[in-house]
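Colleague: I have a model open and would like to learn how to read it. Please take me through a few features.

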Amino acid sequence: MSVREDPQAQPVRPTSEDPVAAAGSELIGGPAGRRALLGTGWWTPVRIVAIVAIGMFALGMAQKLPCYDGGWFYGATAQYTHACYSDIPHLYNGRGFAIDLVPYFDRIPDSVSGGMQYLEYPVLTGLFMEVASWMTPHGGSIQDREQIYWLVNAGMLMVCTAVIAVCVARTHRRRPWDALLVALAPAFALTATINWDLFAVALTAAALLMWSRSRPLAAGVLLGLATAAKLYPGLLLGPLLLLCLRAGRLRAFWTAAGGALAAWLVVNLPVMVSTQGGLHIRDGWKTFYTFSQERPVDFGSLWLIISQRTGNPLEDVNTYGTVLMVLACVGVAALALCAPRRPRLAQLSFLIVAAFVLTNKVYSPQYVLWLIPLAALARPRWRDFLVWQACEVMYFLGIWMYLAYTGSGDQHRGLPAEGYQLAIAVHLLGTLYLCALIVRDALVPERDPVRQDGSDDPGGGVLDRAPDAFVLGEARRASRYEGAALVDWGVHRE
């Protein structure tokens with residue numbers, strides 16, 4: 001029996017197939033030997049990955065210390081010059097949690113919010129924020145309470161970090177060490193406590209794990225909950241539809257889609273619909289969607305570069321962004337249906353979320369968290385991952401230095417607009433670089449690190465090893481599966 005068919009096979013060791021991983025392992029004694037037994041004691045790969053992820057998260061918390069000690073409260077630009085800004089302490093008071101307002105139901109006074117009448121986050125994220133406020137003591141100064149609120153949220157987000165690490169490590173059964181890409185990602189540690197995105201990322205990672213275990217209903221429910229916390233997870237239904245169409249597994253897709261819709265409705269309906277004064281959609285629930293629609297060109301986007309360079313406010317940016325996103329979706333669909341072998345779910349998931357990030361009118365630094373787990377599953381190669389991460393760290397520093405520049409008046413301490421535009425361009429090019437490699441891997445499966453040992457789609461669940469049922473273009477003439485046999489692009493190991 002070959003290694004690829006053996007359920008008891010040893011996990012794939014990155015140090016044996018990735019030169020960068022092998023070189024990095026010299027810090028801890030070098031690559032494991034041929035006869036080393038891994039995962040036989042308490043220190044299994046999944047536990048090691050989770051501990052490393054929590055340790056990096058703690059380092060990210062320590063990086064916020066200058067702000068915790070005063071940068072969030074004193075000085076106009078200290079939280080930017082120290083690159084330790086976080087939305088969490090500011091919104092504790094700014095969205096009414098400090099005065100016990102109920103999100104989506106109670107209108108926030110303008111004197112508190114500065115004009116935002118209701119909480120501008122999806123419902124499940126609002127619940128996350130509200131639960132953290134319940135665990136925050138209501139005595140003492142507002143500064144003390146904001147500090148405790150950030151600590152409470154950080155503790156909850158640390159749990160999300162552990163969930164993400166475990167889910168990514170277990171999604172590809174024989175490749176648990178790929179999750180070290182997530183655990184050691186510098187941009188993950190730096191952005192983890194800026195906002196509440198990790199909650200949606202954890203739900204999405206759990207959904208992908210359930211799908212990899214051929215449990216489409218559970219995957220759909222988790223994906224629906226993730227979409228109720230952040231909009232982007234709903235995009236993953238597109239790749240699922242395309243891949244299930246190609247594999248003739250539409251029943252699994254509709255099961256997942258039905259579960260996602262049901263879970264989303266269960267969370268949203270109690271907040272969405274009001275019967276007071278007649279049946280209507282509640283204004284508080286609509287705020288997230290209206291705010292997303294009406295906000296102008298904002299930080300981090302391609303459109304900001306164009307707007308600043310031309311002086312054009314780009315009032316039709318929603319139309320421009322939608323057109324580009326639709327074109328990107330068409331490209332992903334063509335790749336899914338025309339590639340010589342059905343692309344892996346993680347590959348298409350990364351591409352569709354990256355397309356949303358690249359075409360959106362705003363890119364907050366914590367949005368990189370959406371992509372990191374998908375990148376680890378789609379392209380588990382340290383060199384390419386670190387190139388992309390370096391670009392994201394440069395952007396992370398660039399946005400804070402730009403805000404320091406704009407907030408320091410005539411002193412102009414920080415990064416001017418031209419420098420910030422360069423930081424945006426670096427972020428865009430880094431993401432496009434990883435997208436290009438993933439597209440190449442899909443078109444040339446033997447270049448895919450995951451498929452080089454003869455695997456198909458270890459995270460694909462019902463899609464893994466399934467024969468094609470519907471293909472377009474050149475793929476019609478490509479070699480197909482015979483029963484459950486794999487196309488021989490991998491390396492045979494007897």
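This is a predicted model: local features need pLDDT of at least 70, side-chain atom pairs count only at pLDDT 80 or more; totals for chains, interfaces and linings use all residues.

Modeller: Residues are numbered from 1 along each chain as its sequence is written, and side-chain values use heavy atoms, without hydrogens or water.

Colleague: What does the secondary structure of the protein chain come to?

Modeller: Helices are DSSP runs of H or I with at least four residues, strands are E runs of at least two, and numbering starts at the N terminus. Here there are 22 helices and two strands.

Colleague: What percentage of the 494 residues is buried?

Modeller: Buried means under 20% relative accessible area, exposed over 50%, and partly exposed in between, with a 1.4 Å probe and protein chains only. In this chain 55% of the 494 residues are buried. In helix H20 (residues 368-378), eleven of the eleven residues are buried, so the helix is largely enclosed by the rest of the structure. Among them are Trp370, Pro373 and Ala378.

Colleague: How do I describe two packed helices?

Modeller: Use the angle between their axes and the distance between the axes. Axes are lines fitted to C-alpha atoms, for helices over the stretch in contact, and angles run from 0 to 180 degrees between N-to-C directions. Take H3 (residues 45-63) and H9 (residues 142-171): the angle is about 150° and the axes are 9 Å apart. H3 and H9 are therefore roughly antiparallel, a label for angles over 145 degrees.

Colleague: Which residues make the contact?

Modeller: Contact means heavy atoms within 4.5 Å. H3 contributes residues including Val46, Ile54 and Phe57, and H9 residues including Trp150, Leu157 and Arg170. The contact residues of H3 with H9 divide into 16 nonpolar, one polar and one charged. Nonpolar covers Ala, Val, Leu, Ile, Met, Phe, Trp, Tyr, Cys and Pro; charged covers Asp, Glu, Lys and Arg; the others, Gly among them, are polar.

Colleague: Now a loop residue. Where does Leu415 lie?

Modeller: Leu415 sits in the loop between helix H21 (382-407) and helix H22 (417-443). At 24% relative accessibility, Leu415 counts as partly exposed. Beyond four places in sequence, Leu415 touches Gly398, Met401, Tyr402, Tyr405 and Tyr420.

Colleague: And Thr77, buried or exposed?

Modeller: Thr77 counts as buried, at 16% relative accessibility. Its place is the loop between helix H4 (65-71) and helix H5 (78-81). Leaving aside neighbours within four places in sequence, Thr77 is in contact with Ala404, Gly407 and Ser408.

Conventions
Angles under 35 degrees count as roughly parallel, over 145 as roughly antiparallel, 65 to 115 as roughly perpendicular and the rest as oblique.
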